[in-house]
Amino acid sequence: MAVREAVALIDQTSFSKFEVTGPGAFDALQRIIANDLDRPDGTCVYTQLCNAQGGVEADLTVIRIDARTFYVVAGSQFGLRDSGWIRQQLPDDGSVQLRDVTSAYAVINLVGPKARDVLQSVTDDDVSNEAFPYLAVRDIEIGLGRARAARVGYVGELGWELHVPTDQAPHVYKTLREAGRTHGIADVGYRAIESLRLEKGYAYWCAEVTPDINPYEAGLGFCVALDKGDFIGRDALAKIKAEGPERRLVTLTVDGFAPLIGGEAVLCDGEVVGTTTSAGYGYTVGKTIAFAFVPAALAKATDFVVEAYGKSYPATRGPRTLHDPKSERLKS
């Protein structure tokens, strides 16, 4: 409720963070990632890193500081794997360096409809939507501290990921906490993030995307820039797009609470047609939500059944995004 209706703070310091720098950094990353890095400086790019077959080896955000400097933010559990994949693809001529800076920065996510009011009250920088639009990145002052602020997040509401030098993080947190007190600010944890991201239809690496699943199957085709030039997996992805994926990720809902956690069998007309990947209760929508891959021919079917602990739960396929499907709140 704090995230959806007021304002919250989420400690996401456990995110893995890397700097990719050097004269060859842009060309190298442009070849590694599926999306297009040819954007203005100070821009977030959500992307997948694909293998030659088009499967997703990593799902992360790349922040373009300038043409020679990129800041990569990956999941908490995937830092070693993601950085290893990137490092393997870098040229060996010394033109690009990758440095792990995970311990150098804390990450505080300020999020919710009142997030702008709280942030503006503690900074002289302009954080209006006009000056600081969605997916923009700016260095701003917060109290007596400084943060790399990114208009991006994983819960689908107005907010900023604040990447703060570790030694300044306690001050920045306390400053925001105090400023948000009159708005009912709350501390929010990772289990709440899981519920919130299910409502937004956001994918999670190792569940909805893996080396055996491609972006088109997972509904992430908007992150694939086939027209930018060559990159790892491009030929395979172009073929998949042209022919259409064999399976599709769908969002299923069960009225009320059902004990789904992911990995349950999904049936249609009495036949097992897939398994759930992630599942949980959506507190905003008041339903149990499950993501599942089903054959492409069934992607538009509406009536399914999910089995869990020996019981069958009628499930309905609905839109991929159950909360704010046009992301108007996120981009406000």
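In the predicted model, Arg81 is partly exposed, with a relative accessible area of 34%. The side chain of Arg81 meets that of Glu57 in a salt bridge, with an N to O distance of 2.9 Å. Because Glu57 belongs to strand β4 (residues 56-66) and Arg81 to helix α3 (residues 79-89), the pair ties together parts that lie 24 residues apart in sequence. In contrast to the partly exposed Arg81, Glu57 is buried, its relative accessible area being 9%. The surroundings of Glu57 were examined with residues up to four places away in sequence left out; the residues touched are Leu49, Cys50, Asn51, Arg81, Asp82, Trp85, Trp205 and Pro211.

Across the whole structure, the search returns 12 salt bridges. One of them joins Glu157 and Arg329, whose closest N and O atoms are 3.0 Å apart. This pair links distant parts of the chain, with Glu157 in the loop between β9 and β10 and Arg329 in the segment after β17, 172 residues apart. Glu157 is buried at 4% relative accessibility, whereas Arg329 is partly exposed, with a relative accessible area of 31%. Both residues also take part in a network of salt bridges that links Arg4, Glu157, Glu199 and Arg329.

A further salt bridge is formed between the side chains of Glu217 and Arg247, at 3.1 Å from N to O. Since Glu217 is placed in the loop between α6 and α7 (234-243) and Arg247 in strand β12, this pair ties together parts that are 30 residues apart in sequence. The acidic residue Glu217 is buried, with a relative accessible area of 8%, and Arg247 is partly exposed at 29% relative accessibility. In general, side chains of opposite charge can pair when their charged atoms come close.

Strand β12, which contains Arg247, is part of a closed barrel of six strands. The order of strands in the barrel is β12-β15-β14-β13-β16-β17, and the pairing is antiparallel. From one strand to the next, the twist averages 40°. Strand β12 (residues 247-255) is paired with strand β15 (residues 287-295) in the antiparallel sense, over nine bridges. Within this pairing, Val250 has Ala292 in β15 as its bridge partner. Helix α6 (residues 190-200) packs on the sheet and touches β14 (271-282) and β15; the direction of α6 makes about 125° with that of β14.

The segment after β17 (311-318) includes Pro319. Pro319 counts as exposed, at 51% relative accessibility. The C-alpha atoms of Pro319 and Thr251 are separated by 6.6 Å, although the two residues are 68 positions apart along the chain. Arg329 is likewise located in the segment after β17.

Helix α5 (residues 169-179) has four named buried positions, which are Ala169, Val172, Thr175 and Leu176. These residues cover an arc of only 135° around the axis and therefore lie on the same side of α5. The elements against which the buried residues of α5 pack comprise the strands β1 (8-11), β7 (105-111), β8 (137-142), β9 (145-150) and β10 (159-165), together with helix α4 (115-120).

Cys206 is partly exposed, with a relative accessible area of 44%. Cys223 is likewise in no disulfide, the nearest cysteine sulfur being that of Cys50 at 9.6 Å. Cys223 is buried, with a relative accessible area of 0%.

Methods:
Residues are numbered from 1 along each chain as its sequence is written. This is a predicted model: local features need pLDDT of at least 70, side-chain atom pairs count only at pLDDT 80 or more; totals for chains, interfaces and linings use all residues. Side-chain values use heavy atoms; hydrogens and water are left out. Helices (H or I, at least four residues) and strands (E, at least two) are DSSP runs, numbered from the N terminus. Buried means under 20% relative accessible area, exposed over 50%, partly exposed in between (1.4 Å probe, protein chains only). The arc is that of the directions from the helix axis to the C-beta atoms. Contact means heavy atoms within 4.5 Å. Two strands pair if DSSP finds at least two bridges between them. Axes are lines fitted to C-alpha atoms, for helices over the stretch in contact, and angles run from 0 to 180 degrees between N-to-C directions. A disulfide is a pair of cysteine sulfur atoms within 2.5 Å. A salt bridge is a side-chain nitrogen of Lys or Arg within 4 Å of a carboxyl oxygen of Asp or Glu.
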